[in-house]
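This report describes selected features of a protein model. It turns to one residue and its surroundings, and then to one strand and its partners.

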Amino acid sequence: MNSIIRIAVQKSGRLSEDSLSLIKECGIKFYNGTGKLKSASTNFPIEFLFLRDDDIPGYVADGVADLGIVGENELVEKDKDVTVLKKLGFSKCRLSLAIPKGEEYEGVSYFDGKSIATSYPKILGDYLKSQNISAEIHEISGSVEIAPSIGLAQGICDIVSSGSTLMMNGLIEVEQIFKSEAVLIGNKSLTEEKLAIVDKLLFRMNAVQKGKSNKYVLLNAPNASLDKIIALIPGMRSPTILPLAEEGWSSVHSVLSEDQFWENIEGLRAAGAEGILVVPIEKMVI
Ligand code: ATP
Ligand code: MG
């Protein structure tokens, strides 16, 4: 039997571009012309459903889709029974409480007895409960920032990334209540055959993710300081050392995370490294 898995991705919005590029970087080819709601890959046993992000957790829980890519905010809000297979590191944002600028704010008890507009009644409700705050939740589906200025609510709880939308609407962020990023979710009762395809997909996603967070570093170093340099950038198994044409010098090649590179740059230079090149890695399989 030739199984095929179905993945639900956002049709258009803040998740869709990164979701589709990740899939493309996994070497999976497909066509997604405008208006198309379903598409199959030409070189991997996967089919795509293009949906609103609100519907993705439910479709995956019901088994209409086997996998989905959705923000943790939407996943927790919808409270569906699915497995989180992988954090994807994009569409990072937070859910925050905000109030009109100029209001005196001394802590979350500010919201006791007040009304808050939000599209996330469950996450907000759970948060208020955990803080022992009793506030009225007004559920609205969009343009939440306008609620205080039209007298609908005294505060809001909404997605914030840079804070500029809040500022434009005369609001200030006072509490961060939830942090979110895109995640790959899966149905809980996939067949063995489908699980085998999911494993293949995860293997590719991990290789892409590892590649992105690591760099290939090349540098020239005097042979006398090779031990010091190898200790700073040990690489996957060990660095490659190649002799330069100039006597007494070597070229050192290694792989390390970008953070590790910046942490060690002073040490490398102090050890005499020069001509340092940092090159992106497309995929990495360890
Ligand atoms: P849909 O039409 O699919 O329902 P939407 O309007 O509900 O889309 P988008 O604004 O496209 O949702 O956001 C999708 C998801 O992207 C959010 O649920 C959140 O996880 C994340 N997100 C939202 N705003 C930002 C932001 N400013 N920066 C990064 N990620 C964000
Ligand atoms: Mg939505």
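## A buried loop residue

In this predicted model, L15 has a relative accessible area of 5% and is therefore buried, the cut-off being under 20%. L15 belongs to the loop that lies between β1 (5-10) and α1 (16-25).

When neighbours within four places in sequence are left aside, the contacts of L15 are Q10, D53, I69, V70, G71, F90, S91 and A182. As for L124, its C-alpha is 22 Å from that of L15, and the two residues are 109 apart in sequence.

## Strand β7 and its two faces

Strand β7 comprises residues 115-118, and both of its faces are covered. S115 and A117 are buried on one side, while I116 and T118 are buried on the other. In a regular strand, side chains alternate between the two faces of the sheet.

Strand β8 (residues 136-139) runs parallel to β7, and four bridges join the two. Within this pairing, T118 stands opposite E139 of β8. Together with helix α4 (residues 121-130), β7 and β8 form a right-handed β-α-β unit.

Strand β9 (residues 155-160) also pairs with β7 in the parallel sense, through three bridges. Here A117 has I156 of β9 as its bridge partner.

Conventions. Residues numbered from 1 in each chain as written. Chains lettered and ligands numbered in written order. Predicted model: local features only at pLDDT ≥ 70, side-chain atom pairs only at ≥ 80, totals over all residues. Heavy atoms only, no water. Buried < 20%, exposed > 50% of the residue type's maximum accessible area, 1.4 Å probe, protein only. Pairing = 2+ DSSP bridges. Right-handed = clockwise from strand over helix to strand, strands pointing away. Contact = heavy atoms within 4.5 Å.
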